[in-house]
Amino acid sequence: MADSTPLLSQPNSVKSESTTPPLEKHHPSLDSTIERCIGDFGWAQFLQALLVSSAWIFDAQQTFITVFTDAHPTWHCITHQHGCNSISNICYLPKNSWAWDWPSHTSIISEWNLECAASIITGLPASSFFMGCLVGGLVLATLADSSLGRKNLLFLSCLTMSLSALLTIFSTNIWVYSALKLVCGFCRATIGTCALVLTTELVGKRWRGEVGVIGFFCFTIGFLSLPAIAYLNRGSPWRYLYVWTSIPGILYSMLVHFFVHESPRWLFVRGRKEEAVATLKSIAPPSHSGCLTWSFSGVSFEQETCNNGNVYSTIKMLVQKGWAFRRLLPVMVIGFGIGIVYYGMPLGLGNLSFNLYLSVTFNALSELPSSLVTILLIGKLNRKISVLAFTMISGIFSVMCALKGQVWARFQIGLELISFFSASTAFNILLIFTIELFPTCVRNSATSLVRQALVFGGVFGPMLVAAESRNEISSYGVFGLVIGCSGLFAVCLPETRGRTICDTMDEEEHKEKAACNSVGDVLA
């Protein structure tokens, strides 16, 4: 029977001599040694996982907040003398013939008179945010694997993201606002990656799937909170949304600093044995307290320790190792396709003939079944097939959403929800797939690069949406074609369901060579 562990599967109980790395023949692996101490799931681990995963709430809020702050407000005709009607283009109407339905300060579009600005201008703040995420991911990605560690980078990222979001309330024009969104995106870049990797490294194999999905649920809560906050503040200045979402983020950062533990696995591979043992003592369940008296001297830290060179040594390893690059490139291409749909679709909800608050709420709610599907199916289905299937479904329904006509308009929101649900599920599976594809010493960097590919897709979403609002292009048609084509790259990746995870590049490379040799023997 296949192992049903949702995320990182347990290793096979028996390994053949040909597939056992040389290190394990003489020393217990780091993975198996830590597993003895934290294999069971206790309250200390649950609270740590919940606290760390809560970072996704604030991540989601800042990611999608422009859906409301940068929305094109509704308007009405004051007089019909100049041909003003509900389908008129206000750019060709006298200013005294129409008015906004709400006060001008409810959106940056109405406050700064951007209703007739080019799509590249109105989409600039959201695109700047995702561009900041892209640059921040490239600059900060390796710090969690090298000098700072998972906890410190999570703390600094949450704090600086919230502070920069708070500063946006002082924006005086679209250019200052876009610059601050760029900074906010830069600071936010590694939050999701650090939270996901840290939670999965604080627990044993049996529970990694469950705690990994906690983060996805928290992201959904953050996304779902936005339409509620926006609805309660309708008619109020758009700046209020940034106040209500940034201040709690600052307070949360303080909780991370004082109460979250660093990953014991990362501490071990960095050679900080005493700190790692102290962390294990604080989170190990009472039933495993006896393991704390065991010695970790049997684990070979020379071979387990990662490259201690510059902070970009991990990216260098990923590029130089052929097997690693052959995995990294396809998952980044898939990530780009998923990202353009996942981040672009919510921004385009204002272009649909449906209530904006309800549309965003339905999209956020669709992430709940997406997380449930992930946790229920990830241990039973192949990763490759799952990613391929959900990207294809998302692409097909996104293209259908772009079709014109009264018949299609009735089902538009339903088609959009199916596409977004499929993209969300593909997103969840891809992140889990990436964690399983790479060893501990480069896992955070690899996952960060994949997330940067996701946000790189998000860079183009706002501009496509803004272009559609001016009837220049069908953004949903483009979304569907891109995610459908990128999902095909899943066939280039090895299947990871049921495999044990590795801690070093050498260990993973040995496993890769053993797998190739076994395939060669079969073909021979």
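**The cysteines and the confidence of the model**

Cys91 and Cys116 form a disulfide (a pair of cysteine sulfur atoms within 2.5 Å), with their sulfur atoms 2.1 Å apart. This bond links distant parts of the chain, 25 residues apart, since Cys91 lies in the loop between β1 (75-77) and β2 (98-100), while Cys116 lies in the loop between α6 (108-111) and α7 (119-122). Helices (H or I, at least four residues) and strands (E, at least two) are DSSP runs, numbered from the N terminus. The torsion about the S-S bond of Cys91 and Cys116 is about -120°, and the disulfide is therefore left-handed. By this rule the count comes to 1 disulfide.

This is a predicted model, in which local features need pLDDT of at least 70 and side-chain atom pairs count only at pLDDT 80 or more, whereas totals for chains, interfaces and linings use all residues. Residues are numbered from 1 along each chain as its sequence is written, and side-chain values use heavy atoms, with hydrogens and water left out.

Buried means under 20% relative accessible area, exposed over 50%, and partly exposed in between (1.4 Å probe, protein chains only). Cys91 is partly exposed at 30%, and Cys116 is partly exposed at 36%. Cys133 is in no disulfide, the nearest cysteine sulfur, that of Cys184, being 7.7 Å away. Cys133 is buried at 0% relative accessibility, and Cys401 is buried at 2%.

The mean pLDDT (the predictor's confidence in each residue, from 0 to 100) of the chain is 79, and 79% of its residues reach 70 or more. Over residues 1-26, however, pLDDT stays under 50, and over residues 301-305 pLDDT also stays under 50.

Terms used
Contact = heavy atoms within 4.5 Å.
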